[in-house]
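Open the model in your viewer and keep the selection panel handy. We will go from one stop to the next.

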Amino acid sequence: MTTTIQDLRGDARILGPSNAKRDVSVVTNIARHHSATDTGDVFVFQEYWNGTLGWGTGGYHEIILRDGTVQWCYFDDDVTNGVGGHNTPTYHICLVGNSSFTDAQEKAFNERAKAAMERFGLGVENVLGHNEFSGHASNICPGINMDVVRDILNGGDGNIPEPDYIMQDWNKEMVVAADVLNVRQEPNTQSAILRQLYRGGVFQSERVTINGELINGIRHWYEVNGNGWVSGSLVAESSVDNEWIEQRGEVTVDISGGINLRGLSDDYMTNPTALPILRRLNRGEKFNYHKVLVQRNGHAFACSLWHDGYVWLAIGPTTNGIVTSYWVSGIEI
């Protein structure tokens with residue numbers, strides 16, 4: 001069956017676009033979403049986008065209806081509003097549904113994702129679910145295991161076996177570093193949500209798995225009071241063997257999605273992710289720092305004095321006190 005495509009790009013009925021245009025060479029990601037509704041189309045959704053959220057541009061470049069029909073809403077150089085902080089380098093495709101999709105939709109998504117991959121020169125590793133973007137790990141969107149999606153795009157059958165999780169003793173107190181954090185039955189975002197934790201809350205973690213689902217570059221998942229798991233990208237040790245480095249310099253943000261600048265703190269602290277986000281520093285922006293915090297298992301942070309307090313910029317994840325990858329250039333610890 002041939003996929004039906006409704007080309008609505010430039011149609012006067014489509015919201016906006018009001019966002020600034022982009023050069024398509026900056027597109028490095030294709031995002032999969034679900035609408036979290038049983039029905040709907042672009043004309044229904046944009047009533048919410050504009051009327052409730054006040055957006056002048058819709059959320060997605062393409063919307064795939066339940067029967068597999070594709071509504072192609074925006075041109076490639078239009079920046080839509082699918083993933084906060086990551087929209088300029090991202091092409092967004094949404095499937096109407098709530099964690100359940102029809103065969104016609106999956107067929108259409110595979111076709112449309114492959115077409116976008118070809119246009120932008122991207123591979124399957126660049127096709128991400130909404131909750132795989134940094135800062136969005138607690139989101140249930142896109143309602144599907146993206147490892148399965150990528151396997152099918154890569155010519156596989158989508159049968160991804162559940163991994164044998166490698167467990168290690170941990171026995172440490174952890175603190176929540178997200179506004180709301182889902183506790184999952186297993187160390188992955190596809191398992192059931194048992195309950196939620198909130199920023200600043202603490203829990204005892206007896207075990208850690210080092211091969212849970214990859215979230216924000218981190219595979220460590222921590223057990224929560226013996227019942228459930230949370231991603232290591234959204235928690236930190238409440239008391240750790242941190243390292244402070246007396247060093248001054250300037251770093252440049254080097255990842256496409258940018259990095260959150262957090263603050264203010266009254267003094268130096270060991271868990272800057274518990275602080276609110278002041279703004280996002282985009283790729284290419286510079287940050288002057290005068291001190292560096294290296295958490296043993298968490299992140300390294302560059303710190304700077306700002307007004308009457310301190311601001312913090314995560315510069316990369318850490319394992320056993322070593323920075324495993326850098327999100328900035330201009331520094332090496």
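Is Arg119 buried or partly exposed? At 34% relative accessibility, Arg119 counts as partly exposed; buried means under 20% relative accessible area, exposed over 50%, and partly exposed in between, with a 1.4 Å probe and protein chains only.

Before we move on, a note on the model. It is predicted, so local features need pLDDT of at least 70 and side-chain atom pairs count only at pLDDT 80 or more, while totals for chains, interfaces and linings use all residues. Residues are numbered from 1 along each chain as its sequence is written, and side-chain values use heavy atoms, leaving out hydrogens and water.

Stop 1: Arg119 lies in helix H2 and Asp76 in the loop between strands S4 (70–72) and S5, so the pair ties together parts 43 residues apart in sequence. Helices (H or I, at least four residues) and strands (E, at least two) are DSSP runs, numbered from the N terminus. Asp76 is buried, at 16% relative accessibility.

Now select Glu62 and Arg112, another salt bridge, with the closest N and O atoms 2.8 Å apart. Glu62 is in strand S3 and Arg112 in helix H2 (residues 103–120), so this pair links parts 50 residues apart in sequence. Glu62 is buried at 0% relative accessibility, and Arg112 is buried at 8%.

**Stop 2: strand S5.** Stay on Glu62 and look for its bridge partner in S5, Ile93. S3 (residues 62–64) and S5 pair in the parallel sense over three bridges; pairing takes at least two bridges found by DSSP. S2 also runs parallel to S5, joined by six bridges, and Asn29 stands opposite Thr90. Now color S5 (residues 90–95) by burial: six of its six residues are buried. Thr90, His92 and Cys94 are on one side, with Tyr91, Ile93 and Leu95 on the other.

Stop 3: Select His34, Ser35, Ala36, Trp49 and Tyr60, the closest to the centre of the second largest pocket among the 19 residues that line it. A pocket here is an open set of points on a 1 Å grid where a 1.4 Å probe fits, with protein on both sides within 12 Å along at least five of seven lines; lining residues have an atom within 4 Å of a point. Helix H1 gives the most to this lining, with three residues.

Definitions and conventions
Salt bridge = Lys/Arg side-chain N within 4 Å of Asp/Glu carboxyl O.
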